[in-house]
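I opened my notebook to look through a structure from end to end. Here is what I looked up, entry by entry.

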Amino acid sequence: DEERRHLGRRRRRRPCHVLDLCAAPGSKSLQTLDQMNSYNNNNDDDDENDNSQQLHDNSKGLLIANDSNRSRLMTVIRRSRATPSRSHLVLNASDGRHFP
C-alpha cells in the first residue's frame with residue numbers, strides 16, 4: 001500500500017509493476033491504474049528522448065488484479081472497461097494464498 005500511495009509522486013524511469021491479490025470490487029486497482037496512467041502521460045516526453053527506454057516502448061506498466069471470487073472479479077472487469085489505459089491490466093481469479 002505504501003508503494004501504491006507514492007506511485008504518482010515519484011519519478012520512475014522504468015515501468016511500474018503492481019500485484020493486487022484482493023482486487024474486487026476494483027476501487028483500489030482502478031485508482032492504481034489511473035495513477036500509473038497519469039505517471040505514464042507525464043513522462044512520455046522523457047521516454048521519447050531516452051534511447052534506453054526503447055526496450056519498454058509497449059510496456060508502460062503492469063497491474064495484475066486478482067480475486068478469488070469470480071463473480072466479484074466481474075465487477076472489476078465491468079469497471080475497468082470504462083478506464084482508458086496506457087498500462088496493461090491483467091485480471092485473474094484464483095486464491096491469493098496460492099498465487100502462481
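Before counting anything, I wrote down that a residue is called buried when its relative accessible area is under 20%. I also noted that this is a predicted model.

**Entry: the whole chain.** I looked up how much is buried, and buried residues make up 32% of the 100 residues in the chain. The accessible surface comes to about 6600 Å², and carbon and sulfur atoms account for 46% of that surface.

**Entry: the elements.** I found 4 helices and 3 strands. Reading from the N terminus, I got the order α-β-α-α-β-α-β.

**Entry: contacts.** I took the contacts between residues at least 6 apart in sequence, and 81% of those join residues at least 24 apart.

**Entry: Leu30.** I picked this residue in helix H2, which covers residues 27-42. Is Leu30 buried or exposed? Its relative accessibility is 11%, so Leu30 counts as buried. Next I asked which residues Leu30 is in contact with, leaving aside neighbours within four places in sequence. I got Arg79, Ser80 and Thr83. I also checked Val76: it sits 46 residues from Leu30 in sequence, and their C-alpha atoms are 8.3 Å apart.

**Entry: confidence.** The mean pLDDT of the chain is 76, and 64% of the residues reach 70 or more. Over residues 47-58, pLDDT stays under 50. For that stretch the model has 6 contacts beyond four places in sequence.

Technical notes
Residues numbered from 1 in each chain as written. Predicted model: local features only at pLDDT ≥ 70, side-chain atom pairs only at ≥ 80, totals over all residues. Heavy atoms only, no water. Helix = DSSP H or I, 4+ residues; strand = E, 2+ residues; numbered from the N terminus. Buried < 20%, exposed > 50% of the residue type's maximum accessible area, 1.4 Å probe, protein only. Contact = heavy atoms within 4.5 Å. Areas by Shrake-Rupley, 256 points an atom, 1.4 Å probe, with all protein chains shown as cover. pLDDT = per-residue confidence, 0-100.
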